[in-house]
Amino acid sequence: MRLVLVRHAEAGPGSPDELRTLTAEGREQAQKLGEQLRAEGVVPDAVLTSPLLRARETGAALGFGAPEPHDALAPGATEEDVREAVTGRGGTVIVVGHQPDCGRIAAALGDGTEPAFPPAGVVVLDLPS
């Protein structure tokens, strides 16, 4: 399985935190990331996101169809939560989450190195089935 782990794009400040929206730059970041992924041949079977608005907006702006919010991907998500969420979802799944979760998840599912995850950052991981 190929896991495409994405940190949500740039969001504006606000309260409550769950309803913070992407900035104009954030929408552009997510759209460009979607274009980059398509150019690299990524065709996801599913796009799963945190239930927070900024993650759902990022998932939608990637341009691969309607994202599916998943409660287990909310802030605080672990590699176990991601594994459970993507199980049975196909060969390629995009997961949109939050930092520092994305870095920790990538390290746990990858080579142990925690990558930098700027807004709209991405890491592609090949997981055993």
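**Figure 1. Glu 28 in helix H1 of the predicted model.** Glu 28 is partly exposed because its relative accessible area is 42%, a value that lies between the 20% limit for buried residues and the 50% limit for exposed ones. This residue belongs to helix H1, which spans residues 24-39. Gly 88 is 60 residues away from Glu 28 along the chain, and the C-alpha atoms of the two are separated by 31 Å.

**Figure 2. The five-stranded sheet.** The strands form an open sheet in the order S3-S2-S4-S1-S5, and their pairing is mixed. Strands S3 and S5 are the edges, each pairing on one side only. Between S1 and S5 there are five bridges, and these two strands run antiparallel. Leu 3 has Leu 125 of S5 as its bridge partner. S5 shows one covered face, made up of Val 123 and Leu 125.

**Figure 3. Strand S2 and its partners S4 and S3.** S2 runs parallel to S4, to which it is joined by four bridges. S2 also runs parallel to S3 (residues 68-69), here with two bridges. Leu 48 takes part on both sides: Val 95 stands opposite it in S4, and Glu 68 is its bridge partner in S3. From S2 the chain passes through H2 to S3, in a β-α-β crossover that is right-handed. In a regular strand the side chains alternate between the two faces of the sheet. Within S2, Ala 46 and Leu 48 point one way, while Val 47 and Thr 49 point the other way. All four of these residues are buried.

Figure 4. An α-helix has 3.6 residues a turn, so residues three or four places apart point the same way. After H2 comes Gly 63, which has a positive phi near 85°.

**Figure 5. The largest nonpolar core and a second one apart from it.** The largest nonpolar core has 19 residues. Those touching the most other members are Leu 3, Leu 5, Leu 48, Val 82, Val 86, Val 95 and Leu 125. At least two residues of this core come from each of S1, S2, H3 (79-86), S4, H4 (101-109) and S5 (122-126). The largest share, four residues, is supplied by H4. Another core, of ten residues, lies apart from the largest one, and its members include Val 6, Ala 55, Leu 62 and Val 96.

**Figure 6. The contacts of Leu 3.** With residues up to four places away in sequence left out, Leu 3 touches Val 82, Val 86, Val 93, Val 95, Leu 109, Val 123, Val 124, Leu 125 and Leu 127. One of these, Leu 125, is also the bridge partner of Leu 3 in S5.

**Figure 7. Arg 38 over the ring of Phe 64.** The charged end of Arg 38 is placed over the ring of Phe 64, at 4.8 Å from the centre of that ring. As for pairs between aromatic rings, a search of the whole structure finds zero.

Technical notes: Residues are numbered from 1 along each chain as its sequence is written. This is a predicted model: local features need pLDDT of at least 70, side-chain atom pairs count only at pLDDT 80 or more; totals for chains, interfaces and linings use all residues. Side-chain values use heavy atoms; hydrogens and water are left out. Rings of Phe, Tyr and Trp (its six-membered ring) pair if their centres lie within 6.5 Å; planes under 30 degrees apart count as stacked, over 60 as edge-to-face and the rest as tilted. A charge sits over a ring if NZ of Lys or CZ of Arg is within 6 Å of the ring centre and within 35 degrees of the ring normal. Buried means under 20% relative accessible area, exposed over 50%, partly exposed in between (1.4 Å probe, protein chains only). A nonpolar core is a set of buried Ala, Val, Leu, Ile, Met, Phe, Trp, Tyr and Cys residues joined through side-chain atoms within 4.5 Å. Contact means heavy atoms within 4.5 Å. Two strands pair if DSSP finds at least two bridges between them. A crossover is right-handed if, with the strands pointing away from the viewer, the path from the first strand over the helix to the second runs clockwise.
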